[in-house]
Structures are given as C-alpha cells and as structure tokens.
Amino acid sequence: THFGYKTVDSEDKEKLVANVFHSVAGRYDLMNDLMSMGIHRLWKRFTLELSAIRKGQKVLDIAGGTGDLAMKFAEIVGPEGKVVLADINDSMLKVGRDKLTDQGIIGNIDYVQANAECLPFADNTFDLVTISFGLRNVTDKDAAIRSMLRVLRPGGRLLILEFSKPRHDVISKVYDAYSFSALPMMGKLVTDDAESYRYLAESIRMHPDQDTLEGMMKDAGFVKTGYHNLTDGVVALHKGIKP
Ligand code: SAM
C-alpha cells in the first residue's frame, strides 16, 4: 500500500480504470486544467512540436479521451490527412466527439473504441501514434507498445506523454504531497469522487520511470528512442521510431 491506500491488482485494474473514466468524463477537461494548473496545455504543445506531423499524414491518438491532441492534429493534417481518436472508454470518447464536432472538426477524423493492447488497425497504417496520459492506465503496457509499433509505418513515430519521475528530491516530495492530498480533495469537490483521484495519484506513482520506459520501447523494437523531461521530470515525453 501507499499512504494507506489499497493497491489494486491487475485483475481489478481494468474495471477500476473504466469506472474512473466513466465517472470523470463530463468534468475531465475542467479537472485537467485545475489539477495541473493549466500546465498540461504546455506539455501537449511540446508534444505537438515534436510530432513533426505534416499535411496529408495519418495520426492515431490512442487513449485520446476528450481529444485535446487529436483536435490539433486534425487541423494540421487537413482534409487530405486522417486522424483517429481512439479510447477504450465510450464515455470519454463521446465527450471528445461532441467537443470536436462543436468546434467544427469533421471530415478527417474517426472515433474508434479500442484497447491500446490490441489495436484494431492494419499493420503499417500510421505516420504518427500518440498516447498522452494513457499508458499508465493500460494493464499490459508491453503489449500496448508492441501494438502501437505494429500499426506504425516504417519510419513512423511513437510519442508517449506520461507522468514520470521528478529528477530532484524536493520536487518529488512536494509533488507526492500534492498528488496524494490536494488531488483527491479537488476530485471530491469537483466530481464528488475522491476515490477516482486517489487511483490517479497511485497510478502515477507506480508508472515506470524514464529509463525503464525507454527500455520497454527498445525491447518492443523501437529505434532512435529518447525522452525529454518536462517540469523536472514530473512528466516525460518519450519518442521512438519504427525501423
Ligand atoms: N489523452 C487524453 C489527454 O491527454 O487529456 C486523455 C488522458 S486520460 C488521463 C486517460 C485515458 O486513457 C482515458 O480516456 C481512458 O479511458 C483511456 N484508457 C485507459 N486504458 C486504456 C486502454 N487499455 N486502451 C485505450 N485507452 C485506455
């Protein structure tokens, strides 16, 4: 256990993750802004910059949730390109679809309910695959990384944006205190669901650190791997290329 909260085993994990995101879907965007004090927007902007995505290309944003990244990609690839916003959770997918449709993003975007562990797309389909704050929720992360490799075209790029390990001890302590007290409290106030946000804090803590995740990408077969620490490593952006 961590801080007295129960650790869930992987059998229960899928159910728990599903419940968390069904429960928070409607207020997910608001909570994101509150909890990260808006900084998630900067992390996502950096991801866009590193995506090297161009007009006419094909992008998969898996665990795409409410579509922050997918929305930007759809603008960049234009009508000749294609974006797939995929998520395992139909509540999140619906919030994303409604939001993007309201913003007039239609025609070059598909919405697909899918599990990152076994993606329902042909081999060598996408120029870019992104997974943003999604991998830590996936039960079999190695299977997900292999699956993302499979659907990328040779030369295609995987970007993983995820919470990671702060580089400095003091940041790490402040951040732990923040995520295990302030986060559940805000969760309770805004969504009346402290439990979901406790899970969130715990999943962040259990997630592989920078070098471990890079090792997992290499093991799966990615080349030219590397990562950028953002906000002292609170978040890291990992990159890999399909050979
Ligand atoms: N990518 C969005 C963002 O950055 O704001 C949403 C991130 S949200 C924290 C995590 C998302 O991962 C949820 O929408 C959840 O449903 C999805 N998810 C969890 N497990 C998944 C899986 N095995 N396959 C696909 N999506 C999954």
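## Close-up views of a predicted chain

**Overview: the whole chain.** Counting up the secondary structure gives 9 helices and 7 strands. Keep in mind that this is a predicted model. The C-alpha trace stretches about 50 × 40 × 35 Å along its principal axes. A compact globule of 243 residues would have a radius of gyration near 18 Å, and the chain comes in at 17 Å, so the two agree. Of those 243 residues, 45% count as buried. Among contacts with a separation of 6 or more, 70% are between residues 24 or more positions apart.

**View 1: the shell around the ligand.** Here we zoom in on the 20 residues around the ligand, with Ala-63, Gly-65, Asn-89, Ser-132 and Asn-137 coming nearest. What is the make-up of this shell by class? The tally is 9 nonpolar, 8 polar and 3 charged residues. A separate take comes from UniProt, where an unreviewed entry puts the feature "binding site" at Thr-66, Asp-87, Asn-115, Ala-116 and Ser-132.

**View 2: Thr-66, one of the annotated positions.** Thr-66 sits in the loop that runs between β1 (58-62) and α4 (68-77). Skipping residues up to four places away in sequence, Thr-66 touches Tyr-28, Asp-29, Met-92, Val-95, Gly-96 and Lys-99.

**View 3: helix α5.** This helix covers residues 90-102, and its 13 residues reach 18 Å from first C-alpha to last, close to the 18 Å expected at 1.5 Å a residue. Its buried residues are Met-92, Leu-93, Val-95, Gly-96, Arg-97 and Leu-100. Met-92, Val-95 and Gly-96 also turn up among the contacts of Thr-66. Just past the end of α5, Gly-104 takes a positive phi of about 80°.

**View 4: Ser-132 in strand β4.** Ser-132 belongs to β4, which spans residues 126-132. It is among the residues that come nearest the ligand, and UniProt's unreviewed entry lists Ser-132 under "binding site" too. Ser-132 is buried, since 23 other C-beta atoms lie within 10 Å. Leaving out residues up to four places away in sequence, Ser-132 touches Lys-44, Thr-47, Leu-69 and Leu-161.

**View 5: helix α8.** Residues 194-206 make up α8, and these 13 residues should span 18 Å at 1.5 Å a residue; the end C-alpha atoms are 19 Å apart, which agrees. Which residues of α8 are buried? They are Ser-196, Tyr-197, Arg-198, Tyr-199, Leu-200, Ala-201, Glu-202 and Ile-204.

**View 6: Met-216 in helix α9.** Met-216 is part of α9, residues 210-220. It is buried, because 21 other C-beta atoms lie within 10 Å. Met-216 and Asp-142 are 74 residues apart in sequence, yet their C-alpha atoms are 6.8 Å apart in space. Setting aside neighbours within four places in sequence, Met-216 is in contact with Lys-141, Asp-142, Ile-145 and Pro-208.

View 7: Lys-224 has a positive phi of about 50° even though it is not a glycine. This residue is in strand β6 (residues 223-230) and counts as exposed, with 10 C-beta neighbours inside 10 Å. Asp-232, another non-glycine, has a positive phi near 60°. Asp-232 lies in the loop between β6 and β7 (235-241), and with 15 C-beta neighbours inside 10 Å it counts as partly exposed.

How values were computed
Residues numbered from 1 in each chain as written. Predicted model: local features only at pLDDT ≥ 70, side-chain atom pairs only at ≥ 80, totals over all residues. Near = placed C-beta within 6 Å. Nonpolar A, V, L, I, M, F, W, Y, C, P; charged D, E, K, R; others polar. Helix = DSSP H or I, 4+ residues; strand = E, 2+ residues; numbered from the N terminus. Rg over C-alpha atoms; globule rule 2.2 N^0.38 Å. Buried ≥ 20, exposed ≤ 12 C-beta atoms within 10 Å, placed from the backbone. Contact = placed C-beta atoms within 7 Å. Expected span 1.5 Å × (residues − 1). UniProt positions renumbered as here; feature names shortened; annotations may be inferred.
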